[in-house]
Amino acid sequence: MVTPAHDPANDPAARHGGRDCPGCATPLPQAARFCMTCGTPVGTPKRTPMGLRFVTVAFCDISGSTQLATRLSPEVWHGVLDRYFARMRAAIESCGGRVEKFIGDAVVGVFGADRPADDDALRAVRAALDGLARSDAEAVAEDGHGIRLTVRFGVASGQVVLADRDSSFAIGAVMNRAARLQSAAPVGGALIDVRTWLLVRDQVRCDQVPPVTAKGFDTALQAWTVASGAQEPLPAAPFVNQRDLLGRVRAELAVRLRTAGRSVITVDGEVGSGKTALLRRLEGSTELDQALVLPVDCDRDDREQGLWRLLQLDRDLAALQRGGAAPAAGTARPGPAASTAEVRWRIGQRLAALSRERAVVLLVDNAQWAPDALWEVVDGTVPAAGPTGSGGSVVFVLAGREVPGGVRGTDGVAPAFTVRPLSTEHSRRLLGLLRAGPGRAERSVPDLELHFVGADADADALVDRAGGNPLFLEQLAALAADGIDDLVAPSASAALGARIEALSPASRRVLACLGAWGTSVGSAALAATCGLEPGELGDALAELTALGLAPRQQRRSAGGGRRYECHSAAQVAYAQSSLADRASVHAAVARHLQRRAADTPSALDPAAVHAERSHACLRELRPGSAEELAAAELAAGCLVAAARCAVGRSDVRQAVELVARARRLGSAEPALTLEIASIESYALAACGRTDEALRLIDAMKAEVPAAANPAAAFQLLANELALRPAGPEALASAREPAERAGDLRSEARLLLLAGLDSIGSGDYPRAERLLLRAHDGVRRTGPGLGTAEIHANLSLCLAYGDRPVDDALRRCRGLGEDTADAPVLHALVGCSEALLRQSAGDGAGARGLLDRAAEVFAGVGHPAGLAGLHRFRSAVAEYAGELSEAAAELREAAEVYLGLGADATAARCRAAAWVLERSAEPASGTGSAPAAPELPAPAFGWDAELLECQVRALSGDRDVAREQLRRALDVIGAVRGAGARLLPLAGCLRLARRSGAEEREREAEAALDAAAAARGAVRPAV
């Protein structure tokens, strides 16, 4: 069995600072010295780095634990605590925190000790909410005592000293503050301190409570409860001290808009510095009045769903090409979908086309989250000029934290701007605006004027401590409102509390569903996945609107209906949901996307993500239950379907990753095991990892009975036959397993294998009939294993068969329409169409198709396609009598094949080039001609046998040449397919003339005329 590549994105140990056991691969916490499953030593864990660190602490305790411990026997109480500790540890570690200690019945988690991040406080609050949800969801009633634990959390942020030890490693007043807030928290609730509030108030609903009198603290602690819901969107920040920067970016943009080609402008800055505000003002600037402007807002999930983001950009650009019109319903083609590389290439083509009409500007916000596929678009997909030679201007403005420095424009220059800290003067001006109060400034901290001391010395201290960051200055001003560092007056969030408390369960369900989606959602999709009747959904949205919590409508919508953004209220409502509710909504989203995949295959990728999240929730909540097994089955089904779709669009590397994720679900079902192996072995072979694919096939044959999944077992057999050709006998033996599978995909794959066998034996009409039936099957079932081969070889049969040229051209164009959404496959079909056009006398049209195919293969980076293209170029040139050009193209093909490791194919291309060049020369008999090339071991196929005859005819004397020409004409005469005979007969005619074999010359001439007449084709030049 092949071990899949490790995927850190799906590894809890990698995400949360742990590691895997080297013996059994069990995920272990960072502090583990020995494996908890097999006892293998795992070495000394890396200790927390010492020093000062800003962290967020989550402190949890059981409410009424003393009474419970008194009432229960020690054994029962021990079991209760064990289950409670496990749930709270899971809540902390699943959000990226680290358990700092267990003390009594308290659990302390620290966020930011190992890997500091700007969302440590948010993750700590979400861990607290998750812990509360776990406590509510899992009553400790299994032992018959009827115990339901209730817990409380306190969350505080501040500096600690980190010590070099495994537990109790954080020291500082913030630890005590979290403990005091926990003791004052309501039962089943959580309290946060002022610093945490400042860091999460725009994403978590916070309600102020009376100050907490805490032992050990001189003043009462300001505190807020956290609950489901969210703050109202904060007003726009004052645009202070950035007008000069905006002016410089506008001036640079104006220059770039007048420059043909691809330009990149970067805007870098830390959190809260004003990058997004600058982009929004840039979007409305007069410099862009005559340009097409497309905002692209990246989010955290884009790295996991890179193709999804790329497809959204592709759809938005397509809408711009149509003048803003939304895609028509029901326009999805039944053929294969585009791969990631193809979508990236197509985006470049759309940008080039749009830029020939008007300059195009893409404003990319949060560029630090952009997926690799989008960076590749920015970094080189867009051509400097369109096909007509007219220069188009495409400008990428990238705003984010730590924008990669290697991004460049076509001129090698990427102007970089940094959002600089505020000057002292402008910091004081911003502070004045913050103190102005509501109604007197663009943005204010409520009640700041009532409490702020206001002395110049105090203002200077705030300005110095803020370091010129406007967000930090606002936070510090709020802290200083009561004259001390860690206290603050109430904010506008207190006014929001009453509206949130009034939410009905249906409204909470809508928000949680939107949070589970994690992206903008159409109204139909929201209705289909929130589990509410249409009337209930309408009432819920009306209630949310009345309370000011309605999800905002998306700024731009590619569809026709309303779309809602996933805002902070939705995210927090989701975070507050129980594990069971999260599992339910993720499963609903996954099934909805599965249904959409019938028309939009790319929906399978996010469907798999949501199905995996549903399974993860149930695995935590009810491990081993029927619900968890059903969720695993749903996730595996989505992953396998997505992998099959990835294979169909030629994204074979992604297919390998997807089936690896399916395998990690741990299902031992033989049917699923065979299904995964059939896709993985196919994808591995397509990646050039043939030996791995064969080892996997052999392992499956030995370990899993074919009866467990006849369809997958046949696909494995088909993969093996493609990698280990065994002749007609093996193909005949494959018919019974295909019939036993009894599905259209197996039937289509068997027809493909039979068609390839017919092509090798030279029976093109039969191969065409078989492949037409296979093509009809994949049109009905969707893309999968063998889809690309069916389309490419069917178009080849049309070029080489007996159909009249006009009829073959018409059918080949129809095949091109089927593959219009898959540029590589479309280009391969276009190569066969080019050969047909040449045989019809349209040499210019043939070369135009080949030029377009070259653009696709080069743009997508498809070396196998480029190698095949050179061979088609050679055939077209030979047809036109340009033998030197034909030979040169074959040598180019040989070089590409060598790079792919296809040495035998490269040797045959070099031999065919030698034959073309030698056949164009007069026979010299001087012995000065180049030596005959060495041919590789005999290969299956009439064309290999013909090449061997031609090489021998040119290598020997006249008698040898005559004999080999006779054999060559016999080989050609056995071929069924007038189109396939044309060029070989022209080659034999040239050889016969060169060697003076008049009888063979007459035979070849007559056969060539007959083949051209049968096809209705122009005779090749000789």
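**Labels and cut-offs**

Guide: Start with a pair of side chains: that of Q715 makes a polar contact with that of R749, at 2.7 Å. A polar contact is a pair of N or O atoms within 3.5 Å; within protein, one must be able to donate a hydrogen and the other to accept it, and residues adjacent in sequence count only if both atoms are side-chain atoms. This is a predicted model, where local features need pLDDT of at least 70 and side-chain atom pairs count only at pLDDT 80 or more, while totals for chains, interfaces and linings use all residues. Residues are numbered from 1 along each chain as its sequence is written, and side-chain values use heavy atoms, with hydrogens and water left out.

Visitor: Why is Q715 called buried?

Guide: Buried means under 20% relative accessible area, exposed over 50%, partly exposed in between (1.4 Å probe, protein chains only). Q715 has 8% relative accessibility, so Q715 counts as buried. Q715 sits in helix 27. Helices (H or I, at least four residues) are DSSP runs, numbered from the N terminus.

Visitor: What is Q715 in contact with, leaving aside its neighbours within four places in sequence?

Guide: Contact means heavy atoms within 4.5 Å. By that rule, Q715 is in contact with S678, R745, S746, R749 and L785.

Visitor: What makes E720 and K701 a salt bridge?

Guide: A salt bridge is a side-chain nitrogen of Lys or Arg within 4 Å of a carboxyl oxygen of Asp or Glu. Here the N to O distance is 3.2 Å, and the side chains of E720 and K701 meet in a salt bridge. This pair links distant parts of the chain: E720 lies in helix 27 (residues 710–723) and K701 in helix 26 (residues 690–703), 19 residues apart.

Visitor: Are E720 and K701 buried or exposed?

Guide: E720 is at 11% relative accessibility, so E720 counts as buried. K701 has a relative accessible area of 53%, so K701 is exposed.

Visitor: Which residue forms a salt bridge with R346?

Guide: D314 does, with the closest N and O atoms 3.1 Å apart. This pair too links distant parts of the chain, with R346 in helix 10 and D314 in helix 9 (residues 306–321), 32 residues apart. R346 and D314 are both buried.

Visitor: What else is in contact with D314?

Guide: R350 is in contact with D314, and also with L317, A318 and Q321, leaving aside neighbours of R350 within four places in sequence. R350 belongs to helix 10 (residues 340–355). Its relative accessibility is 18%, so R350 counts as buried.

Visitor: Why are R962 and D959 separated by about one helical turn?

Guide: Because R962 and D959 are 3 residues apart in helix 39 (residues 958–973). They form a salt bridge, with the closest N and O atoms 3.4 Å apart. R962 is at 31% relative accessibility, so R962 counts as partly exposed. D959 is at 56%, so D959 counts as exposed.

Visitor: How many salt bridges are there?

Guide: The count comes to 43. Among the residues linked in a network of salt bridges are E768, R803, D807, R810 and R811.

Visitor: How many disulfides does the structure hold?

Guide: The structure holds 0 disulfides. A disulfide is a covalent bond between the sulfur atoms of two cysteines. The test is a pair of cysteine sulfur atoms within 2.5 Å.

Note on methods
Helices (H or I, at least four residues) and strands (E, at least two) are DSSP runs, numbered from the N terminus.
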